[in-house]
Amino acid sequence: MNSSVQTILEYAKRLVAEGVVGESDMLSMRSELNDMYITKAGVKLAELKEDDIVKMNIFTAESEYKYHAQIYNERSDINAICECYPKWVMPVAKAGVTIPAILDDMAQIVGPTCKTAEDNIHSIIKTLKGRNSCLVKDKGCITSGRTMDEAYTCVLVLDKASHCFVSSSVIGKNMIINGFEARLMRFIYKTKYSKKNQENLSAKEEGDNNQQTSDKEASEV
């Protein structure tokens, strides 16, 4: 099994186990520069199988996969995308508001804020600028990362932050990290704490791919 396919299957199971999926979730990973592996549209992550993950070129992707393809085309720093519909994210996305940094891990992993984009690729790409994640109006969220692990972590953190945001809004108290501190946390996370971990994860994925290629070539001799 291709390592990208295996990784997508693994993280699909994790997202299902965490209860942060809905009816129309899609996961993808960049493969080389212009290709991606992506889950088939309409297939629930809880029912995902190896045959439900397809490889396609980001420049010729069909309409159901355009959001992922165009994000990869615009952002060379992104190698994995989760398009998910978590329980607590959806009401915030429906309201179309911005979630401030109300948790340390949100400031570090998601960004100083998480904004809501309109449901079109131009708005999504604009809203993702300088960030890993955004909400999508009347839908759920799109999270991204250097690895699938980072994109997956963004989903969990964003759902937790949405839960806190909704709950604290109800009781009228929102403890917000100020903008400077939130940006500083994000900078330190990106340049120090997470950098080596993401490099190791990327190296592992690339190593798995190289090993599979070598095994295939050896079997053909």
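Predicted model: local features only at pLDDT ≥ 70, side-chain atom pairs only at ≥ 80, totals over all residues.

Residues are numbered from 1 along each chain as its sequence is written, and side-chain values use heavy atoms, with hydrogens and water left out.

Student: How many disulfides does the structure hold?
Tutor: A disulfide is a pair of cysteine sulfur atoms within 2.5 Å. For Cys114, the closest cysteine sulfur is that of Cys134 at 6.5 Å, too far for a bond. For Cys154, the closest is in Cys82 at 8.4 Å, also too far. The number of disulfides is zero.

Student: Is Cys154 buried or exposed?
Tutor: Buried means under 20% relative accessible area, exposed over 50%, and partly exposed in between (1.4 Å probe, protein chains only). Cys154 has 0% relative accessibility, so Cys154 is buried.

Student: In which strand is Ser28?
Tutor: Strands (E, at least two residues) are DSSP runs, numbered from the N terminus. Ser28 falls in the run of residues 26-31, which is strand β1.

Student: Which side chain is joined to that of Ser28 by a polar contact of 2.8 Å?
Tutor: Ser28 is buried, at a relative accessible area of 0%. Leaving aside neighbours within four places in sequence, Ser28 has contacts (heavy atoms within 4.5 Å) that include His68, Tyr72 and Asn79. A polar contact is a pair of N or O atoms within 3.5 Å; within protein, one must be able to donate a hydrogen and the other to accept it, and residues adjacent in sequence count only if both atoms are side-chain atoms. The side chain joined to Ser28 at 2.8 Å is that of Tyr72.

Definitions and conventions: Helix = DSSP H or I, 4+ residues; strand = E, 2+ residues; numbered from the N terminus.
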